[in-house]
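We will go from stop to stop, with something to click on at each one.

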Amino acid sequence: MVRGNARMLAKLVVVAVAMFGFGFALVPFYYKICEATGINAGGEQSLAKNTQIDASRWVTVEFDANTNGALPWRFAPTERSVRVHPGQLVQVEYEVVNTSTRAIVGHAVPSYGPARAANFFKKIECFCFTPQVLAAGEKRRMPVMFVLDPTMDPAVHTVTLSYTFFESEKGTQDARGNPGRA
């Protein structure tokens, strides 16, 4: 009986170690998937390697804002587009208003057009890095600070930065800050 218990314990320890190793191995896999799909996996916060301004060309950066249909927020860029030199540090703002009677936690997901521009769009500061909590009726301006990497394909003359806000499942609150429905 003791021998059977020892064998079972050994099997359970091997399974636990294998599960830990599998979980540990998923982290680099996750970053590769995010890199391939252009989803922010924390890597967007790094600055462009070459921060010199390429004054010989202009790129128009257009801004777009959307909300998931169920999210009662108004969300829009304060300006529709800017002309920048690659390597130039730029700051723009988006404005968001919670039109509901309860506090809501939202998370913005960025996307880029053309998709190949995503690797050259380096955000330094962005509201998309963390979930945003807006009280009932709250209006807020949120900055985005970015640099277009000067090594971006010279054939790209226009880049679109689009955000879609989704309501976070966790952290939704009513107007008094009490947990509410998700």
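**Before you click**

This is a predicted model, in which local features need pLDDT of at least 70 and side-chain atom pairs count only at pLDDT 80 or more, while totals for chains, interfaces and linings use all residues. Residues are numbered from 1 along each chain as its sequence is written, and side-chain values use heavy atoms, with hydrogens and water left out.

**Stop 1: the whole chain**

Colour by pLDDT, the predictor's confidence in each residue, from 0 to 100. The chain has a mean of 84, and 80% of its residues reach 70 or more. Now select 41-50: the pLDDT there is below 50, and the stretch has 22 contacts in the model beyond near neighbours in sequence; contact means heavy atoms within 4.5 Å. Residues 171-182 are also below 50, with 27 such contacts.

Switch to cartoon. Helices (H or I, at least four residues) and strands (E, at least two) are DSSP runs, numbered from the N terminus.

**Stop 2: the core**

Buried residues (under 20% relative accessible area; exposed is over 50%, partly exposed in between, with a 1.4 Å probe and protein chains only) make up 35% of the 182 residues. A nonpolar core is a set of buried Ala, Val, Leu, Ile, Met, Phe, Trp, Tyr and Cys residues joined through side-chain atoms within 4.5 Å. Which members of the largest one touch the most other members? Select Phe-75, Tyr-94, Phe-127, Val-144 and Tyr-163, out of 33 residues. Elements that give two or more residues to this core include β1 (59-67), β4 (89-98) and β9 (158-167).

Centre on Val-144. Beyond four places in sequence, its contacts include Val-90, Tyr-94, Phe-127, Leu-161 and Tyr-163.

**Stop 3: the rings**

The whole structure holds twelve aromatic pairs. Rings of Phe, Tyr and Trp (its six-membered ring) pair if their centres lie within 6.5 Å; planes under 30 degrees apart count as stacked, over 60 as edge-to-face and the rest as tilted. Show Phe-75 and Phe-127: the centres are 5.9 Å apart and the planes at 85 degrees, so this pair is edge-to-face. Phe-75 lies in strand β2 and Phe-127 in the loop between β6 and β7 (132-134), so the pair ties together parts 52 residues apart in sequence. Both are buried.

Next, take Tyr-94 and Tyr-163, whose centres are 5.2 Å apart with planes at 90 degrees, so they too are edge-to-face. Tyr-94 in β4 and Tyr-163 in β9 are 69 residues apart.

**Stop 4: Gln-132**

Buried or exposed, what is Gln-132? Gln-132, in strand β7, is buried, with a relative accessible area of 11%. Its side chain reaches the backbone oxygen of Phe-127 at 3.1 Å and makes a polar contact with the side chain of Arg-140 at 2.9 Å. A polar contact is a pair of N or O atoms within 3.5 Å; within protein, one must be able to donate a hydrogen and the other to accept it, and residues adjacent in sequence count only if both atoms are side-chain atoms.

**Stop 5: Gly-69**

Finish at Gly-69, in the loop between β1 and β2. Gly-69 is exposed, with a relative accessible area of 81%.
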